[in-house]
Amino acid sequence: MTALLLPGTTGNAHAQLALPSVRLPGDLPTLPPLADLPAERLAGLGGTLAQLRLDRIDSLLRGNRDRIELDERGEPAVRGILIASGVDDAMIGAAAKQGYALIDRERIDGLDLDIARFRVPGDRSLARARKQLAKLLPGAEVDVDNIYFASGPGGALPGAALATAQGSGGATLGLIDGGVAAHPSVAGRVEQRGFAKGAPAASRHGTAVASLLIGKGMVQGAAPGQRLLAADVYGSDPAGGNASAIARALGWLAQNGVAVTTISLVGPDNKLLAAAVTRAQQRGMLIVAAVGNDGPAAPPAYPAAYRGVFAVTGVDAKGRALPEASRALHVDFAAPGDAVLAATGAGSSDRLRGTSFAAPLVAGRLALRYPEPAIDRIGPAVAALVMEAQDLGKKGRDKVYGHGLICGTCGGR
C-alpha cells in the first residue's frame, strides 16, 4: 500500500488497447477467461494484442498525418509541438535563436503549473527536436504532447444529447474521458467541460464509465446518485486526448475540489502528464486508472503506471483475471470487467468487457470513503477499501489481483 499513501510522488501499471473514441470504432476481441485458455494460446496472446495496438496506431497516423506524428519511442503525439515547463524569458530567447518559435505560454489553474509550447522547425523530426530543445533548455522539463487512448470499446455518438447537472454544488467524483450522453441513469448529475476542439461531445466510452461511477436506476454505478464533473479531452479533434488536454482537465477538477478522479486512458510516460498527476495528488486528489488490455507481457502505460495512482484490473464472474488484462508492476485492486452492464448512449445500455470498466467501480467505492480532498484522510480511506476487498489468487496482496476484488456485485452482476 505504500505507493497509494504517497500522493505527492509519481510508479507503475499497464496498457490499454483502444484508440480515442473519436477516431476508430474497433472494439477489442472477445476473449475467454485466463483459466480457460490453453498454454499455447496464452503464450501467443501477448503478441497478438501487441500487434493489434500497433495496427491501430498505424491507422490513426495514416489518417491524420497533418496533425499527428510519432515520437522516438513510436508513440503518437501532436505534430510539430514541444511543451516545456520551468522556462523563463532567457530560455525562450535561446530557443527562438535555434528556430523554436514560442506558440504560447499558459498557466494551468488548479495545479499552479506553467507551461510553454514551442513549434518545431520544419526541417526537424519530433524525435530530433525534443532532444535538441532539451539540451538548449537544461533547466526545463521538455517533452512532446503525447496522445492518450480511450482504454476500451468506444465511438462517438453523433447527435446524442449531453448529460447535464441540475443546480450547483461541488462533486466528489471526476472523470477524464470523452463526453457523457444524457442517459437516464446519470440524468441531472453531470457537469461537463471540453478541453479539445468540439468538446464536450457525447461518446460511448465516456458515457459507459460515467454510468459505472454514478449510475442510478437501470444502470447502477458504484457510487449511485453522486454528482460528477466530466472533462472531455477528445471532442472532434483528431489529436484529442493529448497530455496538454489531460493536464488542463486535472487542473479544472482540482480547482473544483474533486477528491477521486477516474482516467481510463492510456499512453506513454510524459513529463507534462507526470507533473500534472503529481500536483493533483499533492492537493489531495486520488486518481484511479485501469491497468489495460494489452496482455500480461505488455510494457507499462500511463497514467496508471505512476506511483500513487490506483491501478485496477478486471475479472470475470468467477473471479478470474481477464487474459487481456495487463500485469502491472503494481496492481492495487480488481473489479468486474466482463459482461459489465453500462450505459452506451442517451437511451441504450450494453454489457461491456475490459479493465476500463473495472476502474470506475473501484473509484466509486473509494469516493464513498473519501468525499473531499484531504491528505490526512487518505490513509483511513484506503485502509477501509482494503478491508472491503475480497482476497483472490494467492493469499494476501498479489501481482495479479492486488488487494482483491472490489464491488463484486456491481456492473449488473
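Me: Which residues does Arg 248 touch, not counting residues up to four places away in sequence?

Reply: Those are Glu 106, Ile 108, Arg 117 and Phe 195. Keep in mind that this is a predicted model. Arg 248 itself sits in helix H5, which covers residues 243–255.

Me: What makes them count as contacts?

Reply: The cut-off is heavy atoms within 4.5 Å. Arg 248 and each of Glu 106, Ile 108, Arg 117 and Phe 195 pass that test, so we say they touch.

Me: Why is Arg 248 called partly exposed?

Reply: Its relative accessibility is 24%. Buried means under 20% and exposed means over 50%, with partly exposed in between. The value of 24% falls in between, so Arg 248 counts as partly exposed.

Me: OK, what does UniProt list for "active site"?

Reply: The unreviewed entry in UniProt gives Asp 177, His 205 and Ser 356. They are spread over 180 residues of sequence, yet they cluster in space, with a largest C-alpha distance of 11.0 Å.

Me: Why is Asp 177 called buried?

Reply: Its relative accessible area is 0%. Buried means under 20%, so Asp 177 clearly qualifies. You'll find Asp 177 in strand S7, residues 173–177. Leaving aside neighbours within four places in sequence, its contacts include His 205, Val 209, Tyr 234 and Leu 265.

Me: How do you know that the side chain of Asp 177 reaches the backbone nitrogen of Gly 206?

Reply: The distance is 3.3 Å.

Me: Where is Ser 356 found, and is Ser 356 buried or exposed?

Reply: Ser 356 is in the loop between strand S16 (349–352) and helix H7 (359–369). Its relative accessible area is 0%, which is under 20%, so Ser 356 is buried.

Me: How many of the residues in the protein chain are buried?

Reply: Buried residues make up 59% of the 413 residues. The chain as a whole has 8 helices and 16 strands.

Key: Residues numbered from 1 in each chain as written. Predicted model: local features only at pLDDT ≥ 70, side-chain atom pairs only at ≥ 80, totals over all residues. Heavy atoms only, no water. UniProt positions renumbered as here; feature names shortened; annotations may be inferred. Helix = DSSP H or I, 4+ residues; strand = E, 2+ residues; numbered from the N terminus. Buried < 20%, exposed > 50% of the residue type's maximum accessible area, 1.4 Å probe, protein only. Polar contact = N/O pair within 3.5 Å; in protein donor to acceptor, adjacent residues only side chain to side chain.
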